[in-house]
Amino acid sequence: MVEEKKQHPIRRPPSARLTRRSLAFVAAGAVLAAVATFVVAGFQGADDNGGGAGSVVTTGAVAGEAFGTATGGDCLTWTALDASDLAKVDCEQSHLFEVVADIDLSVFPGAEWGPGTRFPSVSRFTQLRDEQCAPAAMDYLGGRFDPHGKFSVGLINPGEAGWAAGERTLRCGLQFSSTTGNLLPIEGRVADQDQSRAWDPGVCIGINNGVPADPVDCAKPHAFEVAAVVDLSERFPDALPSIEDQDAFLEETCTARVDEFLGDPEALRNKTLTLFWDNLNFDSWLAGSRKVNCSIGTQVEGGGFAAITGSAKGDILIDGQPPVPPPDDNGRLLPTPLPGAAPLPGG
């Protein structure tokens, strides 16, 4: 007789990761259109080439001395929407941007950057970010950049007033962008941190039209709640494990840690929640990322997430209604697995 074990529906994370990345690009475009002095968007990949950096003298027409003197290794922060109060801070303090290079467009060939030229468009700054900032960030981190991790590559430009005054410098840097493109604070240098995109247990990820958004208080509607962080190096200290090996380890580990998080091995089933986790790929592993999240949420028919209110540790509402535990069919009736889930044993 085969011993029956507790089973949970699972899914692999590509759809969640792709959703996050696509939303980041859409949100970045909105931010760029609204605030011409700051370009935010995710890093597309690690195989860009080119780039350059040079010293520059700023007029200080917009961001002042901090912008004009910032170079690789400096950390910047601000509170104003247009970054007009931009200031340098110690990188161990909370900040929004770690400069990897300063780019002087005035030394570039062509008439595009000359005196009296028009302020570049959002798409042109985005192109400059990809062409100049992405490779500069890779160089700055010695090639150890996780393109799927918590940090992205950004660009700060001098603003229209600075451009009109003759300022032609850009600052390339690393930032921590939320799902919707908002910048989150960083403490410490990126090179000294695990770049894994892992949230602390108990963090709830908000929801916008069924799609995961920014972290919110769990009392507010959210797509899912992070129940645990797992370090894959605990089981795999050397080479990157295959997706199958990751899933085998995480199914057991996430199940145990989620049960511990909820305080009841039947809570996940009774609250009709689904357990899912992230996987790491080669680029992330090469950059040193080792941590993934175990999360719990509910998918709706046709895709997307239901809105959950309240932490799963207590009473919750799903789309405004209390969950109804499924009938006990010999302990084997479970919520419908999310797309991409591994087949249930014996299924």
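Biologist: Where does α5 bend, and by about how many degrees?

Modeller: The bend in α5 is at Leu 250 and amounts to about 30 degrees. Please keep in mind that this is a predicted model.

Biologist: What is the span of α5 from its first C-alpha to its last?

Modeller: Helix α5 covers residues 243-262, which is 20 residues, and it reaches 26 Å from its first C-alpha to its last. That is close to the 28 Å expected at 1.5 Å a residue.

Biologist: Which residues of α5 are buried?

Modeller: The buried residues of α5 are Gln 246, Asp 247, Phe 249, Leu 250, Thr 253, Cys 254, Thr 255, Val 258, Asp 259, Phe 261 and Leu 262.

Biologist: What covers the buried residues of α5?

Modeller: The cover includes strands β10 (222-231), β11 (274-277) and β12 (291-297), together with helix α6 (267-270).

Biologist: Which residue follows α5?

Modeller: Gly 263 follows α5, and its phi is positive, near 80 degrees.

Biologist: Let us turn to the strands. How many residues of β6 are buried?

Modeller: Nine of the nine residues of β6 (residues 169-177) are buried, so the strand is largely enclosed by the rest of the structure. Thr 169, Arg 171, Gly 173, Gln 175 and Ser 177 point one way from β6, while Leu 170, Cys 172, Leu 174 and Phe 176 point the other way.

Biologist: How many bridges join β4 to β6?

Modeller: Six bridges join β4 (residues 97-104) to β6, and the two strands run antiparallel. Within β6, Leu 174 is the residue opposite Glu 98.

Biologist: And how many bridges join β5 to β6?

Modeller: Six bridges join β5 (residues 151-156) to β6, again in an antiparallel arrangement. Here Ser 152 has Gln 175 of β6 as its bridge partner.

Biologist: In which sense do β6 and β7 pair?

Modeller: β6 and β7 (residues 183-184) pair in the antiparallel sense over two bridges. Ser 177 stands opposite Leu 183 in β7. Five residues lie between the strands of this hairpin, and Gly 181 there takes a positive phi near 95 degrees.

Biologist: Is Gly 181 buried or exposed?

Modeller: Gly 181 counts as buried, at 8% relative accessibility. Gly 181 and Asp 214 are 33 residues apart in sequence, and their C-alpha atoms are 8.9 Å apart in space.

Biologist: What is the phi of Thr 272?

Modeller: Thr 272 has a positive phi of about 55 degrees, although it is not a glycine. Thr 272 is placed in the loop between α6 and β11.

Biologist: Now for Asp 146. Where is it?

Modeller: Asp 146 is in the loop between α3 (122-140) and β5. With a relative accessible area of 1%, Asp 146 is buried.

Biologist: Which side chains make a polar contact with the side chain of Asp 146?

Modeller: The side chain of Asp 146 makes a polar contact of 2.7 Å with the side chain of Ser 284 and one of 2.6 Å with the side chain of Ser 289. Leaving out residues up to four places away in sequence, Asp 146 touches Phe 151, Gln 195, Ser 284, Ala 287 and Ser 289.

Biologist: Finally, what is the average pLDDT of the protein?

Modeller: The average pLDDT is 79, and 76% of the residues score at least 70. The pLDDT stays under 50 over residues 1-61, for which the model has 151 contacts beyond four places in sequence. Over residues 331-347 the pLDDT is also below 50, and this stretch has 35 contacts in the model beyond near neighbours in sequence.

Conventions
Residues are numbered from 1 along each chain as its sequence is written. Side-chain values use heavy atoms; hydrogens and water are left out. pLDDT is the predictor's confidence in each residue, from 0 to 100. Contact means heavy atoms within 4.5 Å. Helices (H or I, at least four residues) and strands (E, at least two) are DSSP runs, numbered from the N terminus. The expected span of a helix is 1.5 Å times one less than its number of residues. The bend at a residue is the angle between axes fitted to the seven residues ending there and the seven starting there. Buried means under 20% relative accessible area, exposed over 50%, partly exposed in between (1.4 Å probe, protein chains only). Two strands pair if DSSP finds at least two bridges between them. A polar contact is a pair of N or O atoms within 3.5 Å; within protein, one must be able to donate a hydrogen and the other to accept it, and residues adjacent in sequence count only if both atoms are side-chain atoms.
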